[in-house]
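Morning, everyone. I have one structure to show you today, and I'll keep it quick. Here it comes.

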Amino acid sequence: MDLQHIPPAVVLTAALVAAVTDVWKFRVYNALTLPLLASGVLFHALTGVGWGGLTQSVIGMLAGLGVLFMPYWLGGYGGGDVKLMAGLGAWLGPEKVLYVFVASALAGGVYALFLVVRHGQLGETWTRLKVVWYRLAAVGRHLGADDGVAIEAGGRVDRRRVIPFAAMMCVGVVATLLWLWYTGGSAPH
C-alpha cells in the first residue's frame, strides 16, 4: 500500500464524521479529535524521514491549534473545532492545514451570509459585528464572549445563528485536497 494516500483518506474521513456530528448535534467529539491528533503525530513519526515527519506533524498540529485559538477564546468556536483543526494539522502539516483553514473560513463566511439574508437579520448582524468590534477594542477583562455559553450549558441551539464549523472544515478539506490533486501538489508531508 502506498503510504502517501493514507493522510488524505484519514483527514477526509475524520472531516466527514465531524461534519455530520456538528450539523446533527453541534458537537465535535473528543472520541474523534484526540485519536486523530495522536494518530497523525504517530503516523508521521513512524513513516517520516528521521525527525522531519514528527517535527512537521507537531508544527502542523500547533498551526491548526493556533489559527482557531484566539477565535475560540473570544467565543467564536467550540473546543471541538479547535481540536479538529489541530488533528487535521497533525496529519496535513503546517502549510496544508492553513489552506484548509482559509477554505473553511471562506465557506463559513458564505454560509453566514446565506443565513443572514435568508432570515432577514442584516440589521441585527450589523449590531453584533459592532459589539464584537467594541469587545476587541476594549482588550480588557470583558474580552471573552458569553454567546457560546448557552450551547455549552445544554441550551437550545438557534440554527439561524450558529455555524457548524466542522462542516465548513470538511468543505475546506475537500477543497484543499481537490486543489492539491488538480495542481499536482504533493501528498501531505
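So, how much of this protein is buried? Of its 189 residues, 35% are buried. Keep in mind that this is a predicted model.

Now the overall fold. The protein has eight helices and zero strands. Going along the sequence, the pattern reads α-α-α-α-α-α-α-α. What about contacts along the chain? Take the contacts with a separation of 6 or more: 75% of them come from residues 24 or more positions apart.

Helix 8 runs over residues 165-183, which is 19 residues. From first C-alpha to last, helix 8 reaches 26 Å. That is close to the 27 Å expected at 1.5 Å a residue. Just after helix 8 comes Gly184, with a positive phi of about 75°.

Which residues of helix 8 are buried? Among them are Phe165, Ala166, Met169, Cys170, Val173 and Leu180. And what do the buried residues of helix 8 pack against? Their partners are helix 1 (6-25), helix 3 (52-73), helix 4 and helix 5 (94-118).

Helix 4 covers residues 79-92, and Asp81 is found in it. Look at what Asp81 touches beyond four places in sequence: Asp22, Val28, Leu68, Phe165, Ala166 and Met169.

Is Asp81 itself buried or exposed? Asp81 is buried, yet it has no salt bridge. How far away is the nearest side chain of opposite charge? That side chain is Arg27, and it lies 9.9 Å away. A salt bridge needs the charged atoms within 4 Å.

Next, the aromatic rings. The count comes to five aromatic pairs.

Tyr111 has 27% relative accessibility, so it counts as partly exposed. Phe114, at 46%, also counts as partly exposed.

What sits over the ring of Trp24? The charged end of Lys25 does, 4.6 Å from the ring centre.

Methods:
Residues numbered from 1 in each chain as written. Predicted model: local features only at pLDDT ≥ 70, side-chain atom pairs only at ≥ 80, totals over all residues. Heavy atoms only, no water. Helix = DSSP H or I, 4+ residues; strand = E, 2+ residues; numbered from the N terminus. Buried < 20%, exposed > 50% of the residue type's maximum accessible area, 1.4 Å probe, protein only. Lys, Arg positive; Asp, Glu negative; His and termini not counted. Contact = heavy atoms within 4.5 Å. Expected span 1.5 Å × (residues − 1). Phe/Tyr/Trp six-rings, centres within 6.5 Å; stacked < 30°, edge-to-face > 60°. Lys NZ or Arg CZ within 6 Å of the ring centre and 35° of its normal.
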